[in-house]
Amino acid sequence: MNKSDATNQYVVFKLKEEYYGIPISYVKTLEKVTDITRVPNAEEYVIGVMNLRGEVVPVIDLRLRFGFEANEKNEDSRTIVLSLDDLIIGLSVDSSSGVLTIDDENIDSAAKFINSFEDDYIKGIGKVDGRMIILVDIHKLVNNKLEAN
Amino acid sequence: MDMNQYLDIFIEESKEHLQSMNQILLQLENDHADIGMINEIFRVAHTIKGMAGTMGYTHIAHLTHEMENALQLVRSGEIKIDSAIIDVLFQCFDKLEKYVDAVESNGNEGDDDSTELIELIKNTILKKDTEIIMQERSDFSKNPTKLKVDSHVENAVKRAWEKEYNAYLVSVELNTKCMLKAARAYIVINELESIAEIIYSSPSIEDIEDEKFDLKFQFIVVTKADDKVIKSKLKNIMEIEAVLVDDLRENNILEFDKTNEDTFEDTFAFEEKSDYDDKKLDDGSTSVEKNESNSDEKASKPKIGKTVRVEIERLDNLMNLVSELIIIKTRLEDIDSDGTSTNMHEATEYLERITTSLHDAVMKVRMVPVERVFNRFPRMVRDLAKELGKDIILKMRGQDTELDRTVIDEIGDPLIHLIRNSIDHGIELPSAREKLGKDKDAIVELIAYSDGNSVVIEVTDDGAGIDLDVIKKKALEKGTITSEEYQAISDDDAIKLLFNAGFSTAKEVTDLSGRGVGLDVVRTKIESLGGNIEINTSLGKGSKFIIRLPLTLAIIQALLVKVSSERYAIPLKSIKEITTICESKIRQIQGNEVVLYRNVTLPIKRMAEVFNIKEEIKDNSEEDEKLVVIVKKGNKTVGIIVDDLIGQQEVVIKSLGKYLVNVKAIAGATILGNGSIALIVDTNSFF
């Protein structure tokens with residue numbers, strides 16, 4: 001497979017001490033953290049809605065989603081805006097460190113690991129230059145809630 | 001073959017054609033002799049046939065084809081139009097409408113092949129036996145070649161017999177002129193699969209798809225339907241030379257291959273037709289087709305977006321405004337450099353003017369004339385009048401009044417309800433009308449006009465009107481009002497009783513006076529659209545229902561309030577009044593807070609509690625006066641305590657998106673002038 005193929009490119013971001021990756025095809029934009037309006041009575045990890053150029057986009061704090069403690073947003077904090085199917089959603093992360101190409105042969109399937117998360121959102125582990133990138137299963141992350149509705 | 005991209009166009013155009021067909025039919029009913037009308041229906045039927053044929057909707061194509069056949073006879077003067085024929089044409093129209101609706105909601109036209117209706121056409125119009133007889137070519141012999149099949153096919157067939165399904169050998173021969181053999185065969189397979197299960201095919205499905213066959217192909221199918229149905233289904237497909245359907249029970253045409261016996265025992269299970277799709281069959285020969293039909297089904301369930309047809313003029317207008325926006329942008333950039341405040345002021349004023357026009361222009365793009373809804377009423381009134389034996393003239397005015405597309409989609413049902421009510425209960429029988437000295441023909445009027453920021457639709461009848469005394473008595477009996485209220489109640493309030501939910505289910509009211517069935521449903525619907533409904537009635541003379549609807553749903557007037565540091569928008573429509581009350585006057589009754597306000601108990605909700613807002617520490621927490629926004633739902637009211645009022649503002653409603661559906665008490669969001677988002681409160685959830 002071609003190395004520059006978009007299917008192998010991942011937007012990499014940091015959450016606590018670990019690096020995570022999301023397939024670039026789902027990523028619409030990367031935004032600095034803007035004003036977020038809290039939505040009462042929504043799930044705890046939904047920190048609110050943001051104004052993305054006139055569009056109202058719900059934002060999930062990925063730390064809370066993964067069961068970590070919340071943190072103060074700072075200069076490095078980013079919101080990754082995903083577009084999947086007809087859903088637009090923002091993920092709030094600690095920082096973002098660009099795009100990496102990870103070939104399939106460098107990805108270990110998640111089945112090998114014992115999951116530390118309650119829900120299984122890991123699709124696999126990518127290895128790049130000795131770094132480990134946890135690849136997130138976006139569909140599971142988002143759809144679990146949709147199905148629950 | 002991906003037709004999805006054309007689906008929207010197909011639906012939109014078919015609907016338009018059907019609409020004109022409906023109108024013509026109604027005209028034709030009044031003037032049987034007009035051959036121009038017949039030509040017009042013929043043309044419409046032909047167009048629909050063409051479109052449906054291209055899209056592969058064989059049922060529609062077939063039905064319209066039969067209509068054409070029939071209309072041809074009328075055109076050529078062989079038969080004369082009479083009311084029976086028009087009734088049949090109306091039925092055809094209904095059926096076509098159903099098909100198109102099915103296409104719109106499911107992406108396919110459904111299984112109904114309207115055999116009965118086609119029979120009816122033939123019997124009523126064609127009268128003489130014009131059944132198109134399938135030509136059966138002589139070389140397509142009655143005894144088809146023997147087929148060699150596996151034992152599991154044999155088992156499947158036997159099983160079918162046990163379960164009283166029929167098993168047939170279907171042999172199809174394509175016309176030599178057929179251009180796309182694989183496509184044609186694919187249609188045949190699709191048709192077959194809609195009524196039967198294909199358990200064997202020769203050549204194999206893959207080969208058929210790859211066009212690796214001559215002109216003939218054969219299937220073994222099991223089905224509950226009989227051979228005539230299969231035959232008639234397949235006959236409809238174009239470019240088919242001959243179809244033979246042989247019952248396997250009667251003709252010993254299968255030669256079973258005994259080599260690999262018993263391995264497939266119990267692997268083939270029969271399902272009722274409806275279960276076909278979600279059942280995985282592990283029988284080797286069928287699984288291929290199953291997978292195929294599944295994936296095909298997925299593909300054929302397209303998303304049909306809501307579309308609006310827009311006059312090019314309106315788009316041009318939009319374009320102009322956008323270009324003006326760009327001009328003002330550059331102008332603002334220039335101001336930055338010379339920095340005079342008068343210029344700045346001028347520029348912002350200009351900008352304001354453009355945004356207002358732009359807003360208007362965009363709103364206009366979303367507007368659809370009410371004609372779209374009104375169009376179906378002549379037919380409905382005609383049918384109802386016939387059914388009830390009443391003579392009714394429907395008058396419509398203001399069809400070109402425009403409403404937002406979303407409102408148009410929703411307003412149909414309430415209007416149908418009101419018109420039905422008027423005709424069913426309001427209007428007297430012709431004999432009764434003559435006794436009363438009224439004109440035998442009753443008049444139902446449907447008027448639409450715009451009035452300021454709203455659109456008014458009136459449904460008027462000159463029937464019996466509503467007997468308020470009967471309503472009052474009923475309300476008293478049902479305990480809706482007390483006997484004191486019964487004495488004191490004004491006519492206006494009495495009419496409002498009709499909209500009470502309790503009244504809608506009360507059969508007695510319907511029998512006595514009518515006007516009670518589901519009026520609360522009508523009211524709820526209209527209120528959910530941000531509108532309201534009134535009734536004017538005068539006993540013996542008729543009644544008038546007045547519906548007032550907002551021009552658009554997307555923009556509303558709202559009151560911005562502040563609770564702690566958060567801002568919320570409350571739709572102005574649902575606000576009754578704003579007042580202050582003393583904290584000390586709030587009482588706890590069974591855990592609910594209430595206050596006596598103007599001698600009425602008013603339930604109190606605290607916005608901060610409902611929305612879990614963290615209270616800011618205030619300097620004067622002793623403050624006794626509380627700001628209360630009183631909101632209404634029907635005749636119920638609730639007071640909502642807020643911290644501060646920001647002001648009234650026009651806000652654009654935005655949805656929170658699919659991810660945040662069903663968030664309690666939130667109707668949507670809006671973007672404020674400073675770019676931040678305020679949530680719009682769903683006041684109905686406070687009740």
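Predicted model: local features only at pLDDT ≥ 70, side-chain atom pairs only at ≥ 80, totals over all residues.
Two strands count as paired if DSSP finds at least two bridges between them.

In chain A, strand β4 is joined to β5 by two bridges, and the two run antiparallel. One of the residues involved is Ile36(A), whose bridge partner in β5(A) is Met50(A). On β5(A), which covers residues 46-52, there are also six bridges to β6(A), again in the antiparallel sense. At the end of that pairing, Leu52(A) stands opposite Glu55(A) of β6(A). The hairpin formed by β5(A) and β6(A) has two residues between the strands, and Arg53(A) adopts a positive phi there, near 45 degrees.

Strand β6(A) itself spans residues 55-61 and is mostly covered, with six of its seven residues buried. Its pairing with strand β8(A), residues 87-93, is parallel and rests on three bridges. Within that pairing, Ile60(A) has Leu91(A) of β8(A) as its bridge partner.

These pairings belong to an open sheet of six strands in chain A, ordered β3-β7-β8-β6-β5-β4, and the pairing is mixed. Why do β3 and β4 of chain A each have one side left without a neighbour in the sheet? Both stand at the edges, β3(A) at residues 27-32 and β4(A) at residues 36-37, and each has a single partner strand, so one side of each has no neighbour in the sheet.

I now move to chain B. This chain has 687 residues, of which 30% are buried. Its secondary structure amounts to 23 helices and 24 strands. Among contacts in chain B with a separation of 6 or more, 69% join residues 24 or more positions apart.

Chain B has an open sheet of six strands as well, in the order β16-β20-β21-β19-β18-β17, with mixed pairing. Which strands lie at its edges? They are β16(B), residues 575-582, and β17(B), residues 587-589, and each pairs on one side only. From one strand to the next, the twist averages 40 degrees. Inside this sheet, β19(B), residues 600-606, and β21(B), residues 636-642, pair in the parallel sense over three bridges. There, Lys605(B) has Ile640(B) of β21(B) as its bridge partner.

One residue of chain B deserves a separate comment. Gly542(B) is located in strand β13(B), residues 542-550. Is this glycine, Gly542(B), buried or exposed? The cut-off for a buried residue is 20 or more other C-beta atoms within 10 Å; Gly542(B) has 23 C-beta neighbours inside 10 Å and therefore counts as buried. Setting aside neighbours within four places in sequence, its contacts are Gly426(B), Thr460(B), Asp461(B), Asp462(B), Gly463(B) and Gly465(B). From this group, Asp461(B) is 81 residues away from Gly542(B) in sequence, while their C-alpha atoms are 5.4 Å apart.

Next, the nonpolar cores. In general, nonpolar side chains of soluble globular proteins tend to be buried together. In this model the largest nonpolar core has 65 residues, and the members that touch the most others are Val49(A), Ile80(A) and Ile570(B). Beyond four places in sequence, the contacts of Ile570(B) are Ala558(B), Leu559(B), Val561(B), Ile575(B), Val629(B), Val631(B), Val681(B) and Thr683(B). Another core of 42 residues lies apart from it and includes Leu418(B), Ile427(B), Leu468(B) and Leu529(B).

As for the contact between the chains, chain B contributes 22 residues and chain A contributes 18 residues. On the chain B side, β23(B), residues 666-671, and β24(B), residues 677-681, each supply at least two residues. That side of chain B has 13 nonpolar, five polar and four charged residues.

Finally, confidence. The predictor assigns the complex an ipTM of 0.85 and a pTM of 0.49. Chain B has a mean pLDDT of 76, and 82% of its residues reach 70 or more. Where in chain B is confidence lowest, and where is it highest? The lowest mean, 40, belongs to helix α21(B), residues 507-512, and the highest, 92, to strand β15(B), residues 566-571. The pLDDT is below 50 over residues 257-302 of chain B, a stretch that has 54 contacts in the model beyond near neighbours in sequence. Residues 504-516 of chain B also have a pLDDT below 50, with 30 contacts beyond near neighbours in sequence.

Terms used
Residues numbered from 1 in each chain as written. Chains lettered and ligands numbered in written order. Contact = placed C-beta atoms within 7 Å. Helix = DSSP H or I, 4+ residues; strand = E, 2+ residues; numbered from the N terminus. Nonpolar A, V, L, I, M, F, W, Y, C, P; charged D, E, K, R; others polar. Core = buried A, V, L, I, M, F, W, Y, C linked by C-beta atoms within 7 Å. Buried ≥ 20, exposed ≤ 12 C-beta atoms within 10 Å, placed from the backbone. Axes fitted to C-alpha atoms, helices over the stretch in contact; angles between N-to-C directions. pLDDT = per-residue confidence, 0-100.
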